[in-house]
Amino acid sequence: MIGRRRPRRPVLTSTPGRAGEASRHRPRSPRRLTALLGGGPRLVALRCRADAGLLAVCWLLVALAALLAVLAPRGVLRALDDGARAAVRDAGASADLVLESAPAYYGPYSIGAVQDFVDDTEFLERRLVAPLAATTGPGVAHLVVEPVDVLLRDPGVGSAVGEDAVGDDAVEGDVVEAGGLAEDAVFRTRLTMLPTATLAALRVVQGEPVTDALPPEGEPRPVALPVAWAQASDVAVGDVLWLRHFSDLGVTATTVEVTTLVEPADPSAAVWQALGWVWEEPSASADAPLLAGPAVVTQAASALGAEAMGTVVLPTDADAYTAAVAADVALQLDRITRSDVPFPGTMTNLVLARSALDETLDAYHDQARAARAQMDLAVAGAVGVAVLVLVLAARLLVARRAAATALERARGASVASVALRAAAESVPLTLAAVVPVLVLGHLLGGVPPGAAAPVLAVVAVAVLAAPAQTAVLARRQWGATRVPANPRDRVRLARRRAVRRAVLEGGLLVLAAAAVTALRDRGLLQTRTAGTDPFLAAAPLLLVAAVTLVVVRLHPGPVRAAAALARRTRGPLGVVGASRAQRAVAALPVLTLALGTGVAVSSMLLLSTVAEGQVDASWSRVGADARVDVTRMRGTDGEALARDLADEPGVTAVSAAAVTAGTALDLGPRNVNVSVLAVDGAFADLVRGVPGAGTDVAALAGLAGTAAGDAVPAVVDAALARDLGDAVEDPLTVTFRGTRLTVRVVGTTDVAPDGQLPGPFLYLSPEHVVPLMDEPLARDVVWVSGPGASDAVAGLPADAVTTRVGWLAERRGPGLVGGVQGLMALTLSMTGVLAAAALVLTVVSGARERGRTLALLRTLGMRPGAGWWLALAEVGPAVLAAVLAGAASGVLVVLALGPALGLEVMTGGVGMPDLVVDPGAVVGLLAAVAALAGLAVVVEVLVHRRDGLHEVLRVGGD
């Protein structure tokens with residue numbers, strides 16, 4: 001009757017009295033606890049036995065989620081540690097810590113103090129590098145005397161060794177120029193003192209074993225010479241060499257005898273890695289090392305009056321590095337290199353520390369920060385999918401027990417007791433799944449600290465998902481909700497619920513927009529927090545949820561249109577299928593599938609973007625298929641090398657250039673720092689074959705034949721042309737290789753090798769520059785293009801050659817970038833498995849109801865095999881909505897958030913790589929989802945074909 005209050009349903013209870021009182025007045029403790037737990041263990045056991053298969057699936061999903069929560073942070077740490085080791089290993093000898101003696105006051109070195117420095121290596125290691133002891137090997141000490149001339153005849157400086165020259169005018173006349181090699185000198189040398197242990201690492205090729213015994217007074221002192229230098233200078237065992245030294249005090253000399261020709265017994269030994277310069281190839285610009293023991297070098301240096309420099313090289317052990325060690329070493333290096341420590345027992349000299357390791361670690365920390373942020377993003381997405389799958393599995397379990405839960409409530413069970421019995425199942429199941437994973441992680445090296453939050457999230461959801469959903473269901477099934485009899489009141493309540501839902505959904509959209517905006521503004525490489533900001537890491541998840549919400553809201557329109565067409569078909573399938581399709585799109589299954597699809601799509605697109613960006617960066621960093629740094633090849637003519645390489649098979653273009661970076665371009669009132677490249681005519685042809693190098697090369701191609709009056713014709717890049725403005729037509733002045741040149745801009749180009757040199761760039765032609773220079777123009781760089789470029793430069797020194805293929809291999813190797821890609825591949829595969837599980841759970845959740853509907857339709861004469869239509873009608877809309885939302889959100893994550901993810905750090909390029917949306921990857925993923933959906937439908941149809949009508953219909957139904 002309208003206006004009458006709906007009576008409250010009575011609750012069946014064993015307590016005497018009225019039914020309503022039983023629900024309002026619960027028994028006090030301990031009877032209250034007995035009511036909560038009474039009969040619980042037996043009921044829980046019966047339920048577990050009945051749903052053993054589904055509980056086993058839930059256990060497997062919890063274990064998989066926990067395994068993901070442990071493996072993903074472990075992968076993050078492993079990638080960061082491998083990156084630290086790879087960065088230090090790639091730095092090579094430049095990462096070694098070098099301790100050098102230096103005078104505290106102006107004046108000559110004290111050879112005795114330097115000897116004390118070398119002898120007290122242990123003190124230096126203990127005093128300076130104690131914090132770095134775990135990352136450095138034993139110190140390699142040596143002493144080097146300043147360069148002196150080597151002659152094979154008596155220079156006429158007096159009979160007594162070490163006395164000042166008596167014929168200063170004659171000797172000084174032999175000197176070509178200050179600091180140069182005298183005309184009568186064979187070569188220049190550096191007396192090099194090696195400790196006894198280091199001398200023992202030499203292999204005698206010819207002559208006597210190396211000793212540190214001093215000869216009788218007046219006889220030459222014994223020294224050893226590397227074999228390569230002996231062959232290059234035509235020196236043999238037994239030759240007596242005169243060492244001559246020029247100083248402000250005069251000319252002094254002494255004699256040494258080459259008693260041994262040596263080479264390293266083990267070139268790969270740590271000592272020779274630290275002293276690699278001893279075995280460099282002889283060249284006109286290098287100084288030959290004469291090797292001897294402490295006593296011989298000390299006496300010879302004292303006789304010459306030459307200054308000496310003591311050095312201790314502490315080789316860096318790359319295998320000892322981790323991300324944490326790298327951070328600590330960076331702090332310690334800053335302290336060590338900024339401190340001057342006096343020698344033990346003397347105040348005349350200081351110890352200076354230097355190493356390029358600080359620059360290496362700074363670059364690594366930038367890369368590690370970007371890698372950590374990107375990996376945290378991938379981990380957050382994968383763990384989010386795992387958590388939603390657990391909620392979906394718990395939802396399926398609760399739905400299967402809906403009738404039993406209603407029966408419990410009808411018999412007087414409280415909501416708390418129902419939830420408590422559900423928790424009695426979920427807690428042991430969660431422990432049985434998580435504990436073995438944690439034990440396994442501990443046995444494999446320990447659970448990383450970063451796994452605490454993901455593991456706790458998985459445990460909390462696994463424990464609370466089923467009890468919470470059971471409590472909500474129990475309250476809805478048998479509650480005391482009053483519905484107003486007045487239609488206006490019902491409309492008002494419906495509007496209130498709609499407003500509340502709109503506010504929640506609008507809040508989610510605003511939160512997603514705020515996260516995306518914050519991530520784009522601050523970037524994932526922000527430094528306001530110690531690690532990755534959780535709010536920024538959740539931006540992709542919020543974006544996927546927002547897109548899914550929009551799709552769910554818009555989805556009923558197309559579904560209703562399709563349902564209207566389906567109702568026009570003959571038979572009951574169209575009507576029933578349309579009805580089920582309109583009720584199929586639930587928020588939780590769609591969100592789970594959409595999140596899994598979105599994470600998978602975004603990961604695949606990020607991987608393809610980084611891979612394509614690495615290829616582009618390789619062209620930018622190398623400049624061609626191969627680049628030769630001629631400055632590392634002493635005595636090599638770059639122009640001649642270019643001609644030789646051009647004749648090699650498979651080489652299509654070769655260009656040699658003289659390069660000067662950071663020189664000032666005088667504009668009158670101001671200067672602009674530019675990089676000047678004197679390029680030959682083949683440079684334009686080489687650039688045409690380099691992807692992304694530039695297309696406007698007409699000015700470069702005609703630079704050699706262009707005239708500019710009295711000035712040198714020049715071509716500038718677009719950035720420099722914009723900076724010059726109106727001054728681009730005026731004569732400009734630039735200093736190139738010590739020669740001041742007046743240049744006039746005759747053209748512009750978009751070629752800017754900013755991956756190799758700092759811009760902006762000014763191009764000159766050697767044909768115009770060489771006649772104006774006092775010295776020959778040495779070519780510094782040779783670029784080689786063509787399929788045979790790598791083979792053409794294979795015989796050149798490895799440290800002077802950079803190939804594009806080799807550069808790519810280093811970037812994609814087992815270092816930081818490779819670790820990030822490996823972790824993304826792991827999360828991608830795990831997300832795929834979880835998405836497939838979510839799809840199967842979505843299909844199975846409606847299997848029982850579809851079975852009853854199918855059995856009822858069979859009583860009306862429908863064929864049993866037509867049940868696939870019902871499954872497809874119910875699963876299809878949800879899968880379609882999820883795939884559309886996931887694919888759209890995955891592409892949006894890359895397009896909207898890609899510039900803020902620090903991808904340029906991972907690619908190694910100079911700028912943000914072009915975002916690559918690989919259609920093949922998206923189509924492949926969608927095909928995989930469709931295949932899984934089809935498989936799920938086929939499996940369900942096969943299962944329902946075994947159902948008997950009497951077994952299904954006897955349980956009742958709508």
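Predicted model: local features only at pLDDT ≥ 70, side-chain atom pairs only at ≥ 80, totals over all residues.
How are α19 and α22 oriented to each other, roughly parallel or oblique? Hi everyone, let's work that out together.

Residues are numbered from 1 along each chain as its sequence is written, and side-chain values use heavy atoms, with hydrogens and water left out.

Helices here are DSSP runs (H or I, at least four residues), numbered from the N terminus. Helix α19 spans residues 539-554 and helix α22 residues 587-622; their axes come within 9 Å and cross at roughly 130 degrees. Axes are lines fitted to C-alpha atoms over the stretch in contact, and angles run from 0 to 180 degrees between N-to-C directions. Angles under 35 degrees count as roughly parallel, over 145 as roughly antiparallel, 65 to 115 as roughly perpendicular and the rest as oblique. So α19 and α22 are oblique to each other.

Who touches whom? Leu541, Val544, Ala545, Thr548 and Val552 of α19 meet Val590, Leu591, Ala594 and Leu595 of α22, where contact means heavy atoms within 4.5 Å.

Now the second pair. Helix α14 (residues 402-410) packs with helix α16 (residues 452-477) at about 60 degrees, their axes 9 Å apart. These two are therefore oblique as well. In this contact, Ala402, Thr405, Ala406 and Arg409 of α14 meet Leu473, Ala474 and Gln477 of α16.

Last, the cysteines. The whole structure has zero disulfides, meaning pairs of cysteine sulfur atoms within 2.5 Å.
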